Amino acid sequence: MESIWTQTADMPEFSPLDGDLKTSVLIVGGGLAGLLCAYWLAQAGVDYALVEADRICGGVTGSTTAKLTFQHGLVYARLLREFGLERARLYLEANRAALREYRKLCQDIDCDFEERDTCVYALADRRKLDRELEALERLGFQAEWSRTPALPIPTAGAVKFPKQAQFHPLKFAAAIAKGLRIYERTKVLELSPGRAVTDRGTVTAESMVIATHFPLLNKHGAYFLKLYQSRSYVLALENAPEVGGMYVDEAEGGLSFRDYKGCLLLGGGGRRTGKKCGGWRELEDFAARYYPQAKIAARWATQDCMTLDGVPYVGRYSKGADGLYVATGFDKWGMTSSMAAALLLADLVQGRENPYTELFNPSRSVLRPQLAVNAWESVLGLLTPTVPRCPHMGCALKYNAQEHSWDCPCHGSRFGEDGGLIDNPATDDKGGMRP
């Protein structure tokens, strides 16, 4: 199972850390958010280092569908209702600024950057689309109502954002990583204020940025309650008609579509990690029905951290954690969110003001309905009297027959059949597991 991105990218390699190190800023995690943070700190002349337990972009960055857009589903009507006009506008501006930065950087990077319109479609209820268009008008952005003739299924229409973009995420990451101070195959074993113990040496730093997808530390920030993980699936189809833009269903578990070099990337089949879902079978059935001439060129799956309120957690790790910062919870929109997070974190570690600090503040209110769902899943996982169990917090693991893995429905850790760790927040293997 290898994504079309990992098949077609040549990633640079970096040596492991060799002994102790002192730096101003330590970034833990070499996905796109961590790389972009390192890039902006390097541009500002800040002393930094990045450590990655395996290879850079070896996790979710290489499994994305790589849409560069500030249209994150039908998000703006909800943000207006729950956060008010000013914060909804800030969310739009932060992600719009992120797209602008990609557009600038990609002028000098060969990463298959292409301008495309994005559309969020509804299968039946046009009222949701109308509410989103009204919200966007209040925010001063002129979106468009659109039909969806390129899709093989009937819809009620779509909200269209013109002039968004798509790209090859690993070609982009490979380009910005060159020349950065990166240490691969350097696993953090222990974190404390100003100090990170790795399997290759100890790093002391004035500030630390945790960009590990799901945060590593349980004793700060209560991220085990504030986040859950969602798994989704992608097929790359040859000989399927082009859709000419990027499309995503407004409904949870719906389908997404985009083109890449003669392939149609069909996404969907998702659910909370550790729960049953349609997965690739659902996508294969759809392709067989609507694209009978298509051939599967690649298949892969990805995992997303989901917040309580649909807005990422970026900023100080917790109220009492001075000098410790986090970027997580990108809610399936990791490309623009990674850029927005990196720009914000680069300002925060330098003591500069940023207009989006409060919007993304990880210590904002947790009084959201999703909190009860997360708490219930944790209790259920802890009380389920089965083995094997996750070493993260002891929840019962569920076998994922499609991917031949053991998945944790509490917090999203995943393990191979041999017990090897695949996805965090767990940091240790869990040996001896068989279906």
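Predicted model: local features only at pLDDT ≥ 70, side-chain atom pairs only at ≥ 80, totals over all residues.
Residues are numbered from 1 along each chain as its sequence is written, and side-chain values use heavy atoms, with hydrogens and water left out.

**Cysteines**

How far is the sulfur of Cys106 from the closest cysteine sulfur? I found 3.5 Å to the sulfur of Cys111, which is too far for a bond. Cys111 is likewise in no disulfide. For burial I used relative accessible area with a 1.4 Å probe and protein chains only, where buried means under 20%, exposed over 50%, and partly exposed in between. Cys106 counts as buried at 7% relative accessibility, and Cys111 counts as buried at 1%.

**Cores**

I next looked up the nonpolar cores, each a set of buried Ala, Val, Leu, Ile, Met, Phe, Trp, Tyr and Cys residues joined through side-chain atoms within 4.5 Å. The largest has 92 residues, and those with the most contacts inside it are Tyr76 and Phe172. A second, separate core has 25 residues, among them Tyr183, Val188, Leu308 and Tyr313. For contacts in general I took heavy atoms within 4.5 Å. Leaving aside residues up to four places away in sequence, Tyr76 touches Phe70, Ala88, Tyr91, Leu92, Glu132, Ala135, Leu136, Leu139 and Phe161.

Helices here are DSSP runs of H or I with at least four residues, strands are runs of E with at least two, and both are numbered from the N terminus.

Is strand E13 buried or exposed? All five of its five residues (256-260) are buried, so E13 is largely enclosed by the rest of the structure. Both faces are covered, with Ser256, Arg258 and Tyr260 on one side and Phe257 and Asp259 on the other.

Two strands are said to pair if DSSP finds at least two bridges between them. Strand E12 (residues 246-249) runs antiparallel to E13 and is joined to it by two bridges, and the bridge partner of Val248 is Ser256 in E13. The hairpin of E12 and E13 has six residues between the strands, and in it Gly253 takes a positive phi near 85°. With strand E14 (residues 263-272), E13 pairs in the antiparallel sense over five bridges, and Tyr260 has Cys263 of E14 as its bridge partner. The hairpin of E13 and E14 has two residues between the strands, and there Lys261 takes a positive phi near 45°.

**Thr65**

I found Thr65 in the loop between strand E2 (48-51) and strand E3 (67-68), and at 16% relative accessibility this residue counts as buried. Not counting residues up to four places away in sequence, Thr65 touches Trp5, Val234 and Arg258, and that arginine is one of the buried residues of E13.

Most residues other than glycine have a negative phi. Lys163, in strand E6 (residues 157-166), has instead a positive phi near 55°, and is exposed with a relative accessible area of 56%. Asn239 also has a positive phi, of about 65°; it is found in the loop between strand E11 (228-238) and E12 and counts as exposed at 57% relative accessibility.

**A four-stranded sheet**

Last, I looked up an open sheet of four strands, which has the order E18-E19-E20-E21 with antiparallel pairing. Strand E18 (398-400) and strand E21 (421-423) stand at the edges, each with a single partner strand, so one side of each is left without a neighbour in the sheet. Strand E20 (residues 414-416) is joined to E21 by two bridges, and the bridge partner of Arg414 is Asp423 in E21.

Methods: Disulfide = S-S within 2.5 Å.
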